[in-house]
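Colleague: I am new to this structure. Could you show me how to read its features, one at a time?

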Amino acid sequence: MKKVTFILLFILAFTEFADAQSFYSRRRDRTLMFSYGVGFSTYHGDMHDVFYDGLQAALGPSLGVGLRKKFGSQLSLRVDLNWYQIGGNDAEDQKGFISKRLSNRNDVGAEDDRYIRNLNFRSRNIELSVMGIFNLIPVDGSYSRRPIINPYLMFGIGRSTNRPKTYLPGEEGNYTVNLWQIQTEAAAPVDSYPKNITVIPFGIGLRL
């Protein structure tokens with residue numbers, strides 16, 4: 001009897017699962033959605049200018065997961081957890097395009113200020129954020145009756161770890177130094193690199 005009961009319950013559960021994955025399930029609105037993504041992140045600052053140096057030298061990997069809750073036809077709330085890497089390296093920049101542009105020097109190479117400075121850093125961080133998402137085109141009722149193209153706006157707040165490191169040459173090869181543990185500028189306090197920082201993610205998107 002227990003075997004028969006187990007089989008019946010299994011068939012019932014499988015039927016419910018199959019119905020949830022069937023074509024007809026698309027007629028029901030879905031208010032809770034899980035997402036994941038793989039991409040790239042980049043650093044833009046005094047050690048790397050993406051407009052003149054390009055993206056390659058400062059390009060890093062990025063991984064993320066998210067959970068979105070729909071409220072009404074246009075507003076959603078999304079929680080994201082991301083791991084990302086950013087960095088910059090004076091020696092790897094494209095021969096100092098900034099210095100060449102400002103001074104119009106023909107011979108950049110060793111005379112480039114950033115090349116002589118020879119600074120570098122890398123930071124692998126984890127970010128947790130909460131964002132509000134607003135669809136410009138309302139999505140009512142059926143999940144299958146969404147518009148094919150729907151632009152949206154997003155804005156939020158979050159916290160990110162901040163762990164910059166630099167590489168220094170040694171007798172046995174390069175080694176890393178944690179920048180948040182040392183005083184890298186005379187005017188900066190020892191805690192000039194906070195271990196956690198506030199971030200404000202915002203942007204526009206196009207959902208297909």
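Colleague: Is Phe34 buried or exposed?

Modeller: Keep in mind that this is a predicted model. Exposed means over 50% relative accessible area. Phe34 has 60% relative accessibility, so Phe34 counts as exposed. Tyr36 is at 69%, so Tyr36 counts as exposed too.

Colleague: How many aromatic pairs are there?

Modeller: Rings pair if their centres lie within 6.5 Å. By this rule there are two aromatic pairs. One of them joins Phe34 and Tyr36, with ring centres 6.4 Å apart.

Colleague: Why is the pair of Phe34 and Tyr36 called tilted?

Modeller: Look at the angle between the planes. Under 30 degrees counts as stacked, over 60 as edge-to-face, and the rest as tilted. Here the planes are at 35 degrees, so the pair is tilted.

Modeller: Now take Tyr43 and Phe121. Their planes are 80 degrees apart, an edge-to-face pair, and the centres are 5.0 Å apart. This pair links distant parts of the chain. Tyr43 is in the loop between β1 and α2, while Phe121 is in strand β4, 78 residues apart.

Colleague: Is Tyr43 buried or exposed?

Modeller: Buried means under 20%. Tyr43 has a relative accessible area of 15%, so Tyr43 is buried. Phe121 is at 13%, so Phe121 counts as buried.

Colleague: Which charged end sits over the ring of Tyr152?

Modeller: That of Arg207. Its distance from the ring centre is 4.3 Å.

Colleague: Next, the pocket. What is the volume of the largest pocket?

Modeller: The volume is about 700 Å³. Read the lining next. The largest pocket is lined by 29 residues, and Ser35, Gly37, Arg78, Asp80 and Asn82 lie nearest its centre. Elements giving two or more residues to the lining are β1, β2, β3 and β9.

Colleague: Which element gives the most to the lining?

Modeller: β1 does, with nine residues. By type, the lining holds 14 nonpolar, eight polar and seven charged residues.

Colleague: Where is Arg78?

Modeller: Arg78 is in strand β3. At 17% relative accessibility, Arg78 counts as buried, because the cut-off is under 20%.

Colleague: Which residues is Arg78 in contact with?

Modeller: Set aside the neighbours within four places in sequence. The contacts of Arg78 are then Leu67, Arg68, Ser129, Val130, Met131, Ile133 and Met154. Compare sequence with space for Arg68. Arg78 and Arg68 are 10 residues apart in sequence, yet 4.1 Å apart from C-alpha to C-alpha.

Notes:
Residues numbered from 1 in each chain as written. Predicted model: local features only at pLDDT ≥ 70, side-chain atom pairs only at ≥ 80, totals over all residues. Heavy atoms only, no water. 1 Å grid on protein atoms, 1.4 Å probe; cavity = no way out; pocket = protein on both sides within 12 Å on 5 of 7 lines; lining within 4 Å. Points joined across faces, edges and corners; volume = space filled by probe spheres on them. Helix = DSSP H or I, 4+ residues; strand = E, 2+ residues; numbered from the N terminus. Nonpolar A, V, L, I, M, F, W, Y, C, P; charged D, E, K, R; others polar. Phe/Tyr/Trp six-rings, centres within 6.5 Å; stacked < 30°, edge-to-face > 60°. Buried < 20%, exposed > 50% of the residue type's maximum accessible area, 1.4 Å probe, protein only. Lys NZ or Arg CZ within 6 Å of the ring centre and 35° of its normal. Contact = heavy atoms within 4.5 Å.
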